[in-house]
Amino acid sequence: MDTIARTPKQIGSTIRRFRRQKGLTQQQLGELMHARQATVSKLETGEPRTQLRILLDALAALDLELVIRPRTSASAEIEELF
């Protein structure tokens, strides 16, 4: 199932949901990413200064990929999901 995320907080929530689905702690995901648990925490809370490399490492560790496409028109409804 695709997940639409348009803000750092939404991306972080999505990462958290997939991490939990895989039964991983933040520490375990950090180890897979070669990052600290604190870095995973910042990513999941939508820390605005999180580097793109960290996001891509998390996606790879969770066996996810980033897809870029034109936005859909239902923006207000999507924003309220998170």
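## An exposed loop residue

With 75% relative accessibility, His 34 is exposed (exposed is over 50% relative accessible area, buried is under 20%, and partly exposed is in between, using a 1.4 Å probe on protein chains only). His 34 sits in the loop between α2 and α3, and its phi is near 60 degrees, a positive value in a residue other than glycine. For background, most residues other than glycine have a negative phi.

A quick note on where this comes from: it is a predicted model, where local features need pLDDT of at least 70 and side-chain atom pairs count only at pLDDT 80 or more, while totals for chains, interfaces and linings use all residues. Residues are numbered from 1 along each chain as its sequence is written, and side-chain values use heavy atoms, with hydrogens and water left out.

## The overall layout

The protein chain has five helices and zero strands, so you read it as α-α-α-α-α along the sequence, with helices (H or I, at least four residues) and strands (E, at least two) being DSSP runs numbered from the N terminus. Of the 82 residues in the protein chain, 28% are buried.

Contacts here means heavy atoms within 4.5 Å. Taking the contacts in the protein chain with a separation of 6 or more, 62% come from residues 24 or more positions apart. Thr 7 belongs to the segment before α1 and is partly exposed, at 24% relative accessibility.

## Helix α1

Helix α1 runs over residues 8-21. Its 14 residues reach 20 Å from the first C-alpha to the last, close to the 20 Å expected at 1.5 Å a residue (the expected span is 1.5 Å times one less than the number of residues).

Which residues of α1 are buried? They are Gln 10, Gly 12, Ser 13, Thr 14, Ile 15, Phe 18 and Arg 19. Just after α1 comes Gly 23, with a positive phi of about 70 degrees.

## How α2 packs

Two packed helices are described by the angle between their axes and the distance between the axes. Here the axes are lines fitted to C-alpha atoms, for helices over the stretch in contact, and angles run from 0 to 180 degrees between N-to-C directions. Helix α2 (residues 26-33) and helix α3 (residues 37-44) have axes that come within 8 Å and cross at roughly 105 degrees. That makes α2 roughly perpendicular to α3 (65 to 115 degrees counts as roughly perpendicular, under 35 as roughly parallel, over 145 as roughly antiparallel and the rest as oblique). On the α2 side, Gln 26, Gln 27, Leu 29, Gly 30 and Met 33 meet Gln 37, Val 40, Ser 41 and Glu 44 of α3. By class, that contact has three nonpolar, five polar and one charged residues; nonpolar means Ala, Val, Leu, Ile, Met, Phe, Trp, Tyr, Cys and Pro, charged means Asp, Glu, Lys and Arg, and the others, Gly among them, are polar.

Helix α2 also packs with α4, at an angle of about 105 degrees and with the axes 9 Å apart. The two helices are therefore roughly perpendicular to each other. Leu 29, Leu 32 and Met 33 of α2 make this contact with Ile 54, Asp 57, Ala 58 and Ala 61 of α4. The classes are six nonpolar, no polar and one charged.

## Salt bridges

How many salt bridges does the structure hold? There are three, a salt bridge being a side-chain nitrogen of Lys or Arg within 4 Å of a carboxyl oxygen of Asp or Glu. Arg 16 pairs with Glu 44, with the closest N and O atoms 3.6 Å apart. This pair links distant parts of the chain, as Arg 16 is in helix α1 and Glu 44 in helix α3, 28 residues apart. Glu 44 is buried, at 2% relative accessible area, whereas Arg 16 is partly exposed at 21%.

Glu 44 also bridges to Arg 19, where the closest N and O atoms are 2.5 Å apart. Arg 19 is buried, at 7% relative accessibility.

The side chains of Arg 53 and Asp 57 meet in another salt bridge, at 3.1 Å from N to O. They are four residues apart in helix α4 (residues 52-61), so about one helical turn separates them. Asp 57 is partly exposed, at 21% relative accessibility. Through shared partners, salt bridges join Arg 16, Arg 19 and Glu 44 into one network.

Asp 63 lies in the loop between α4 and α5 (75-79). Its phi is near 60 degrees, a positive value in a residue other than glycine, and at 65% relative accessibility Asp 63 is exposed.
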